[in-house]
Amino acid sequence: MRRLSTPALSAALIATLLGASPAKAQDIIGGSGGAPGPALAPTAPLIGMSPVADGTEEATAPDAVSPDSDITIPARATEGDQDQAATVLADQIVLQGDRTLIAAGGVVIWYQGARLVASRLTVDGASGALTIEGPIHLTEPARRGTPEETTLIADSAQLDRELQDGILRGARLVIARELQLAAREVRRSGEGRLTRLDHVVASSCQVCASDPTPLWEIRARSITHDAETGILHFDHPQFRAFGVPLAVFPFMLSAPDPTVERRTGFLRPEIRTTSGLGFGIKTPYFITLGPSADVTLTPYIAASRTVTLETRYRAAFTNGEMQLTGAISRDDIVQDETRGYLFGAARFELPRGYRLRAQVQYASDRAYLLDYDVTDADRLWSGVTLDRVTRERLFAARIGNYDSLREDEDNAFSPAQVADVIWQRRFEPALIGGEGLMEWSLHAHRRPSDRDGLGRDMARASVGLDWRRTRILPGGVVASALSRLDADLYRIAQDTRYDDIETRVTPVAGVELRWPLMGQAGGATHLVEPVVQLLYSPRREAENTDIPNEDSQLIEFDEGNLFATNRFPGWDRREQGLRANLGIGWTRIDPAGWSLGLTAGRIFRDRPAEEFGADSPLSGRRSDWLISAQYDSGDGLAIANRALFSDGFDFSRNELRVGWLRPGLQLSAGYLWIDSDADESRRVDVSELTFNTGWQFAPGWWGTAEGRYDFAFDRLHTAAAGVQYRNECITVNAGLERSFSNSVDLRPETSFDLSVRLAGFGRQAEVPGTVARRSCMR
C-alpha cells in the first residue's frame with residue numbers, strides 16, 4: 001500500500017500555538033515551494049513533449065511513498081540469548097556477598113542497543129534494580145543522527161534491570177535533537193514506551209546560563225511522551241514567549257514530537273491580508289484517514305469580506321494516487337453570489353505499462369483564482385489521458401473539455417470538447433535498411449455554437465510513414481537519405497467556406513550531410529559540425545484555403561527544429577517546395593571546467609513560402625538568421641541566448657536567460673522579445689523581463705524576490721518579495737505580492753502573508769538557506 005508522504009501534526013488546539021506544520025505540503029495545482037526550479041530563467045509555458053499536449057496547465061498528483069515490497073519481522077530473543085546480557089565497563093567493580101554489584105568511575109553500560117553513562121552504579125542482588133548516580137546519559141547509539149534519536153540526561157536514577165522503567169531525578173529529555181523537556185522528576189513505564197515528566201518546561205530554543213529565558217517555552221504540570229505514537233500529552237500547559245505568559249489551557253492537550261509526519265490536528269495558521277479581502281486568517285485542520293488518505297479543512301475568514309472553506313482530499317493506492325482541492329466562498333467582491341473552484345488529479349499505473357491520468361478543473365470565474373491565490377491559469381482542462389511508451393512503441397489518447405477564462409475568448413466559439421489518439425511504432429525495414437517510423441493519429445474537436453463559421457467542428461484521421469538511412473562516407477562525412485509520407489482525411493462541419501470532406505497527401509524526400517570535426521588547442525577541446533539538409537515536397541497551392549488552420553498557428557523556429565522536415569507544430573499545415581536547411585555548430589570545452597556553444601543556421605527556398613504569414617521569421621525565400629549561444633561556467637553560472645534577425649539586423653525574436661546557482665544564492669532571470677504578428681493573433685510587440693531570486697543575506701535569513709515587467713506597456717505585471725528567518729526553535733515566513741493587472745474582470749491586488757512555526761513539533765520539510773545557530777557565551 002502506498003503511503004501519503006506529507007507531514008501532518010498535532011491532535012489538539014495547542015498545535016495552533018506550537019505552529020505544528022507539514023511545511024505547507026505542495027498543493028496539486030500549486031507551484032513548488034522551497035527551492036526554486038531550474039537555474040535558467042522560466043519562460044512562457046511551452047507546448048509539452050506529449051503528442052497531445054497543448055500547453056494547458058496540468059495538475060500533478062500528490063507525492064507518495066513507494067509501496068512496501070519487503071516486510072521483515074525480527075526474531076524474538078529466546079530465553080538465555082546472549083544478547084540479553086549487559087556489558088559493563090568501569091574504573092572499579094566490586095561484588096559484595098549478597099551479590100550486590102557496585103561499579104564506580106566512568107561507568108558505561110551497553111544493553112539491547114541502549115548505552116548508559118554514569119559515575120556510579122549499584123545493582124541490587126535480589127531484585128536486580130539499578131541505582132545510578134549521575135550525571136547520567138541514556139542514549140541509543142544506533143539511532144544517532146536520525147529523527148528517532150532520543151537522549152535522556154539526569155542527576156540520579158532508579159531503573160529496572162532492562163534500563164527501561166524507573167524514576168530519574170533532575171532529568172532532561174531531548175527528542176530528535178530538537179525538543180528539550182526539563183523536569184524535576186521523570187518516570188518511565190511500559191518497557192520504556194511512556195515517559196512522564198513532572199513540573200516540566202519544554203522548548204527547542206537554546207538555553208544558556210547567562211540567559212536562561214528561552215525565546216519560547218511551554219510549562220506544564222506534567223508532560224507524557226508516548227514513544228510508540230510519538231505524541232506528547234500536556235497537562236494544563238502554559239505558553240510563554242520571552243518569559244511572558246501568553247496563553248493558558250486548563251485542560252489536557254496533545255502535540256506530536258519531531259518524529260511525527262502525519263497526525264490529525266491543527267496545522268500552522270497563516271495570516272493573509274489582501275487589498276480585496278482585507279485582514280484574514282487561515283486555520284487548517286488535518287484529518288488522517290489511515291496511512292493512505294487524509295483530508296485538510298481550512299476555514300478562511302477575512303474582516304467583513306469573506307467566509308471561505310478550503311478543502312483538500314488525498315488518497316494513495318498500490319498503483320497510483322489522487323487528490324482533490326477546492327474552496328467555496330461568500331465575499332463582498334461579488335455580492336450575493338457563491339464563488340469557488342475545484343481542481344483534481346489522479347494517476348494510476350495499469351498492467352502492461354499503461355498509465356491512466358484524470359484531471360478536473362473548474363472555477364466560477366478567473367478573478368476568484370487570483371483573489372484567493374490559487375493559480376494564474378486562464379485556460380482549464382478536464383478529462384482523461386491514457387498512454388504507454390516503450391522502446392519501440394508509443395500510444396497516447398486523451399479526451400476532455402476546455403474552459404477558457406480569458407476575456408477575449410468566448411467558450412461558445414472556442415473548441416471545447418477535444419479528443420486525440422496517436423500511435424507510433426519504430427521498425428527496421430528488411431529490404432532497404434535504415435530506421436522507419438509509422439504513425440496513426442485521430443483528432444476531433446467541437447464548438448458549442450451552431451453558427452456557421454464561428455461554430456466550426458472538425459475531425460481528422462492521419463497516417464504517416466518516416467524513413468531514414470545513414471552512412472559514414474570517406475573523410476568522416478555522415479550522409480543520410482530520408483523520406484516521409486503523410487496522408488490526412490478531414491471532415492469539416494458548420495462552415496460553408498470549406499467542403500465537408502477534404503483529403504491531402506504530402507510526400508517529402510531529402511538528403512542530409514553532416515561533418516563532425518574535433519580538435520584541441522591550448523588544452524581545450526573544440527567540436528565543429530556543419531550540416532546541410534536538402535528537402536523537397538510538392539506544392540499544393542490550395543492547401544491554405546481548403547483546410548482551416550486550427551492547430552498550427554503558433555510556430556517556433558529554434559535550434560531544435562532547424563533540421564526538421566516540418567516546422568508546424570500540428571497537422572493542419574505542412575511545409576512545401578524545395579528548401580535547404582543550413583547550419584553549423586561549435587562547442588568549446590575548456591579544461592578549467594567551463595564550456596561555450598554556438599549554433600547558427602538559415603533556411604533557403606526556391607520560392608517564397610506562402611504557408612507562413614508575412615510577419616513570420618520563416619516567410620519569404622530566406623528565413624531570418626538563427627543564432628544561439630550557451631555558456632556554462634562549470635560552477636553554477638549558465639547563460640543562454642537565442643536570436644532571429646534579418647539581413648539588416650532587424651530582430652524578430654530574441655530570448656536571453658541567465659541562471660546563477662551558488663551556495664546561498666539562486667538567481668534566474670530572462671528577457672523575451674517577440675515582434676508583432678497578425679497571423680499569430682499578436683497585435684503588439686512582446687517585450688518582457690522576468691526574474692526570480694533567492695539569497696542568504698545573513699545567517700538564518702533567506703530572502704526571495706520575483707517579478708515580471710512589460711516593456712511594451714511600460715508597467716510591472718507582477719512583483720513579489722519574501723523573507724524567511726529560521727533558527728533552532730522558530731521559523732518565520734513573510735511575503736508581499738502585488739499584481740498590477742487591470743481589466744474588466746481583473747483588478748490590481750496586493751497581498752501579504754505571514755506564518756510562524758515553532759520547531760520541535762512535527763517533522764519539518766527541508767527549505768533553502770541555513771539555520772541561525774546560536775551559542776552560549778563562555
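## Salt bridges

A salt bridge is a side-chain nitrogen of Lys or Arg within 4 Å of a carboxyl oxygen of Asp or Glu. Arg 187 and Glu 185 meet this rule, since their closest N and O atoms are 3.1 Å apart. Arg 187 is partly exposed, with a relative accessible area of 38%, while Glu 185 is buried at 19%. The cut-off for buried is under 20% relative accessible area. The model is a predicted one, and by the salt-bridge rule it holds 48 salt bridges.

Another salt bridge joins the side chains of Glu 310 and Lys 282, at 3.2 Å from N to O. Glu 310 is in strand E22 (residues 306-317) and Lys 282 is in strand E19 (residues 278-282), so this pair ties together parts that are 28 residues apart in sequence. Both ends are buried: Glu 310 has 19% relative accessibility, and Lys 282 has 12%. In the salt bridge of Glu 392 with Arg 391, the N to O distance is 3.9 Å. Here Glu 392 is partly exposed at 36%, and Arg 391 is exposed at 78%. Salt bridges can also link into a network, as they do for Glu 439, Asp 466, Arg 484, Asp 486, Asp 488, Arg 504 and Arg 574.

## The disulfide

The count of disulfides comes to one. The sulfur atoms of Cys 205 and Cys 729 are 2.2 Å apart, and the link is right-handed, with 85° about the S-S bond.

Are the two cysteines buried or exposed? Cys 205 is buried, with a relative accessible area of 1%, and Cys 729 is buried, with 0%.

## Aromatic pairs

A pair of aromatic rings is described by the distance of the centres and the angle of the planes. There are 20 aromatic pairs in the structure. In one of them, the rings of Phe 234 and Phe 761 have centres 6.4 Å apart and planes at 50°, so the pair is tilted. Phe 234 belongs to strand E13 (residues 231-235) and Phe 761 to the segment after strand E46 (749-758); the pair links parts of the chain 527 residues apart. Phe 234 is buried at 0% relative accessibility, and Phe 761 is buried at 0%.

The rings of Phe 266 and Tyr 285 have centres 4.9 Å apart and planes at 70°, so this pair is edge-to-face. Phe 266 is in strand E17 (residues 265-266) and Tyr 285 is in strand E20 (residues 285-288), which are parts 19 residues apart in sequence tied together by the pair. Both residues are partly exposed, Phe 266 at 22% and Tyr 285 at 27%. Elsewhere, Tyr 300, Tyr 341, Phe 343, Tyr 368 and Tyr 372 form one aromatic cluster.

## The second largest pocket

The second largest pocket holds about 660 Å³ of space. It is lined by 27 residues, and the closest to its centre are Glu 140, Arg 143, Thr 150, Arg 188 and Ala 227. Strand E7 (130-139), strand E8 (150-159) and strand E9 (166-175) are the elements that each give two or more residues to the lining.

How many residues of the lining of this pocket are nonpolar, polar and charged? The lining has 10 nonpolar, 10 polar and seven charged residues.

Notes: Residues numbered from 1 in each chain as written. Predicted model: local features only at pLDDT ≥ 70, side-chain atom pairs only at ≥ 80, totals over all residues. Heavy atoms only, no water. 1 Å grid on protein atoms, 1.4 Å probe; cavity = no way out; pocket = protein on both sides within 12 Å on 5 of 7 lines; lining within 4 Å. Points joined across faces, edges and corners; volume = space filled by probe spheres on them. Helix = DSSP H or I, 4+ residues; strand = E, 2+ residues; numbered from the N terminus. Nonpolar A, V, L, I, M, F, W, Y, C, P; charged D, E, K, R; others polar. Disulfide = S-S within 2.5 Å. Buried < 20%, exposed > 50% of the residue type's maximum accessible area, 1.4 Å probe, protein only. Phe/Tyr/Trp six-rings, centres within 6.5 Å; stacked < 30°, edge-to-face > 60°.
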